[in-house]
Amino acid sequence: MTWTPSPASQGRSAGSEATLEAGRFRDVLSAVPTSVVVVTAMDRGEPVGMAVGTFLSVSLDPPLVGFLPAVTSTSFPRIRRAGAFCANVLTVNQQHVSQAFATSGADKFADLSWRPAPVTGSPVLEGVAAWIDCRITTLHEAGDHFIVIGEVADLDAVPGEIPLVFHRRRYTGAIEPTAA
């Protein structure tokens, strides 16, 4: 498949008049609900983790997922060095966990229970809606973030748990779909 630029994008370059104001960009994209996921790993025998605002399913065959950490993250280099991670999908009752893992420099695992994931040993946080244990396969730079792709080694979910969602700069819970 060949990609052809649209007429609107032809002739534009990075930094042109098409540059958007960051605040407006954030405001508009806050309308897109996102999952709240904590990515964890074991680095030199110590647990490390970070909250991520973008986590996604990438491929079924092979099973791949991805997340997008900021280039400025102090936790991501340790996760990258580990070569593996566990994506912990938080429940609606775990807002405090998200906030703890979004804080730089804090002991993010204080007062939290976890167990090693079966394949990589990355921390699986207690009480999560789902966990996905992965090995890092691909890393791309994309502006002020990285795109990290991981091959899924193992996973599980707890039926009936309501996942935590971030929408319009607020935490909320996903709701069950209604019948059409």
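Let's start with Arg-81: at 44% relative accessibility this residue is partly exposed, a label that sits between buried, under 20% relative accessible area, and exposed, over 50%, with a 1.4 Å probe and protein chains only. What we have here is a predicted model, where local features need pLDDT of at least 70, side-chain atom pairs count only at pLDDT 80 or more, and totals for chains, interfaces and linings use all residues. Residues are numbered from 1 along each chain as its sequence is written, and side-chain values use heavy atoms, with hydrogens and water left out.

So who does Arg-81 meet? Asp-43 forms a salt bridge with Arg-81, their closest N and O atoms being 2.7 Å apart. By salt bridge I mean a side-chain nitrogen of Lys or Arg within 4 Å of a carboxyl oxygen of Asp or Glu. Asp-43 lies in strand E2 and Arg-81 in helix H2, so this pair ties together parts that are 38 residues apart in sequence. Helices (H or I, at least four residues) and strands (E, at least two) are DSSP runs, numbered from the N terminus.

Asp-43 itself is buried, at 4% relative accessibility. The side chain of Asp-43 also meets that of Arg-78 in a salt bridge, 2.8 Å from N to O. Here strand E2 is tied to helix H2, residues 76-82, because Asp-43 lies in the strand and Arg-78 in the helix, 35 residues apart in sequence.

Now, which residue else does Arg-78 pair with? Glu-46 forms a salt bridge with Arg-78, with 3.3 Å between the closest N and O atoms. Since Glu-46 belongs to strand E3 and Arg-78 to helix H2, parts 32 residues apart in sequence are tied together. Arg-78 is partly exposed, with a relative accessible area of 24%, and Glu-46 is partly exposed too, at 47%. Put together, Asp-43, Glu-46, Arg-78 and Arg-81 are linked in a network of salt bridges.

Let's move to the sheet. How many strands does the open sheet have? Seven, in the order E3-E2-E6-E9-E10-E5-E4, with antiparallel pairing; two strands pair if DSSP finds at least two bridges between them. Strands E3 (46-52) and E4 (55-59) stand at the edges, each with a single partner strand, so one side of each is left without a neighbour in the sheet.

At one end, E2 (residues 37-43) pairs with E3 over seven bridges, and Val-37 stands opposite Val-52 in E3. Elsewhere, E4 and E5 form a hairpin with four residues between them, and Ser-57 has Val-65 in E5 as its bridge partner.
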